[in-house]
Every structure is written in C-alpha cells, then in structure tokens.
Amino acid sequence: MQKCTPFFCLIQYHKIVINIKNNNMKLEISIPTELKEIKLAQYQAFLKIAKDNEDEEFLNQKMVQTFCNIDLKDVAEIRFKDVLEITASLGKMFNVQSHKFINRFKLGGVEFGFIPELEDMTFGEYTDLDSYIGDWDNMHKAMAVLYRPITKKGLNNTYEIEKYNGSITYSDVMKHAPLDVVFGANVFFYNLGNELLKSTLTYLENNQETQTILHQHNLDNGGDGTVQSMLLLKEILQDLIELPSYRLTNV
C-alpha cells in the first residue's frame with residue numbers, strides 16, 4: 001500500500017480516495033490508478049475534447065472530470081495545485097511503455113473472448129475490423145468484432161465464441177470495455193501488422209524476379225516506387241494504430 005500523504009490519504013481497491021476541503025465543501029474523489037478502471041467510452045470522450053485543443057488548464061479540468069467521474073463545476077472548486085497532482089497521477093497511469101494482450105475478460109457478468117483463430121476470420125469480420133481498428137471514435141465497434149461472448153470452453157484454455165452478427169450487436173456494450181483490454185488489442189494488431197510489413201519488405205528485397213517486375217511496373221507508372229510505398233505504409237501503420245496517449249501524458 002502506498003504511503004499516505006496530505007493529498008493521497010487512502011488507497012483502497014486500486015483507487016486513491018481523497019477528501020478536499022475548499023470553501024467549506026468536502027469533496028471525495030476516486031482516482032483510477034490502473035487502466036482497467038477506465039472505460040473505453042471515457043477515453044474516447046477525452047480524446048474528442050483534447051483534439052485540437054491547446055488550452056492546458058481546460059484539459060486538466062476535463063481530465064479530472066472525465067476519469068474521476070465528477071462534475072466540471074466541482075473540479076473548478078478544487079485547488080489548482082491539487083488538480084495538477086491528480087492529473088500527474090493519471091498521467092503516470094497512461095505513461096506505460098507496454099500493454100499486455102488480454103484474450104478474455106468479463107463485462108456485466110458475461111465473459112468475452114478474443115477471436116480464437118484469426119486465419120479463420122470471415123469476410124464480414126475482416127472488412128468491419130479494417131474499417132474500425134484505426135479510428136478511436138469507432139474503437140467500440142472494432143472491439144465488438146474482436147471480442148464476443150464465450151459459448152463453449154475446452155481443454156488447455158481453449159474456447160469458442162458467439163457467431164459474428166455484425167458489430168452493432170455488442171458495440172454499445174464494448175463502450176464499457178476496460179481500457180487495458182482495448183490498449184492490449186491495439187498493440188497486438190500494431191505488432192502483427194508491423195511483422196507482416198517486415199516480412200513483405202524482406203521478401204521483396206530478397207526476390208530478384210519480383211524486384212524486376214516491380215521495377216518495370218515503376219517505369220510504366222512514371223517512376224512511382226512500389227517498394228518505397230511499402231516503406232511509407234509502415235509509417236502510416238504507426239500513425240494508424242499507435243495509442244494516442246500522448247494527449248494525456250503531456251497535460
């Protein structure tokens with residue numbers, strides 16, 4: 001258990017509970033200390049606010065409001081230095097270097113499982129996932145493709161999940177998905193896509209016949225480099241899948 005300070009007076013159930021007295025008001029705040037305590041919908045809401053907004057003081061207030069579940073008018077009553085300390089605590093939580101892939105989790109008493117075999121993904125699953133995975137506004141829809149209720153459990157932690165009937169079936173439910181699960185799934189797909197690109201580039205570089213065909217293709221198309229385009233695609237993948245947590249750690 002963390003040592004108590006005048007500000008963080010009690011830690012319980014992975015949450016920091018504080019009492020703030022200001023203008024004869026007593027305000028109790030629960031501050032998340034782990035990503036699993038934050039819902040995807042909360043993160044999406046903050047990203048919308050933080051987008052193209054450079055007002056640091058406003059973002060600090062909205063950060064406390066969003067992740068500590070209190071009214072903005074109550075945030076305004078908190079001492080400025082206390083708001084900064086709260087946002088610093090939240091920033092540490094988001095400033096994690098790696099995120100563990102979680103293939104099963106419970107939500108509302110229902111256990112959801114990640115698609116067991118990606119190579120068996122249906123065309124509908126693939127096209128929906130391709131549409132949503134890089135867009136944080138639609139990340140709950142991507143999660144509804146990736147995770148569905150477990151219908152059968154087998155040996156060695158194997159399982160089967162519910163048949164896919166469109167992301168709309170569980171997209172609203174996935175707004176409540178823990179953020180550690182969401183981050184882990186995004187990092188998983190970033191790493192998977194990165195490895196596929198590396199394999200493709202290695203194949204192109206080592207296959208003389210393919211290079212000759214690509215070279216001729218480049219000449220026929222005004223010199224646009226296919227291999228160079230693949231390299232650019234790697235940069236695009238980074239921007240597409242990378243978690244936008246910088247918005248939180250810099251406020």
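Where is the place of R148? Please start there, and then show me what surrounds it.

Analyst: R148 has its place in strand 6. Strand 6 covers residues 147-153. Helices (H or I, at least four residues) and strands (E, at least two) are DSSP runs, numbered from the N terminus.

A word on the model comes next. It is predicted, so local features need pLDDT of at least 70 and side-chain atom pairs count only at pLDDT 80 or more, while totals for chains, interfaces and linings use all residues. Residues are numbered from 1 along each chain as its sequence is written, and side-chain values use heavy atoms, leaving out hydrogens and water.

Now back to R148. Its relative accessibility is 4%, so R148 counts as buried. Buried means under 20% relative accessible area, exposed means over 50%, and partly exposed lies in between (1.4 Å probe, protein chains only). The side chain of R148 makes a polar contact of 2.6 Å with the side chain of E125. A polar contact is a pair of N or O atoms within 3.5 Å; within protein, one must be able to donate a hydrogen and the other to accept it, and residues adjacent in sequence count only if both atoms are side-chain atoms.

R148 has other neighbours too. Leaving aside residues up to four places away in sequence, R148 touches E111, F112, G113, I115, E125, I161, E162, K163 and Y164. Contact here means heavy atoms within 4.5 Å.

Follow one of those neighbours, I161. I161 sits in strand 7, residues 159-161. With 15% relative accessibility, I161 counts as buried. Its partners, again not counting residues up to four places away, include R148, P149, I150 and T151. G113, F114, I115 and P116 are also among them. I161 and G113 are 48 residues apart along the chain, yet their C-alpha atoms are separated by 6.4 Å.

N156 has 74% relative accessibility, so N156 counts as exposed. Its phi is positive, about 55 degrees, although N156 is not a glycine. D52 also has a positive phi, about 60 degrees, and is not a glycine either. D52 lies in the loop between helix 1 (40-50) and helix 2. At 66% relative accessibility, D52 counts as exposed.

Helix 6 is worth a look as well. Seven of its eight residues (139-146) are buried, so helix 6 is largely enclosed by the rest of the structure. The buried ones are M139, H140, A142, M143, A144, V145 and L146.

Now for a helix pair. The axes of helix 2 (residues 56-68) and helix 4 (residues 80-94) come within 10 Å and cross at roughly 65 degrees. Axes are lines fitted to C-alpha atoms, for helices over the stretch in contact, and angles run from 0 to 180 degrees between N-to-C directions. Helix 2 and helix 4 are therefore roughly perpendicular; that label covers 65 to 115 degrees, with under 35 roughly parallel, over 145 roughly antiparallel and the rest oblique. Residues of helix 2 including M63, V64 and F67 meet residues of helix 4, among them V83, L84 and L90.

Last, the whole protein. There are eleven helices and seven strands. Buried residues make up 43% of the 251 residues. Of the contacts between residues at least 6 apart in sequence, 63% join residues at least 24 apart.
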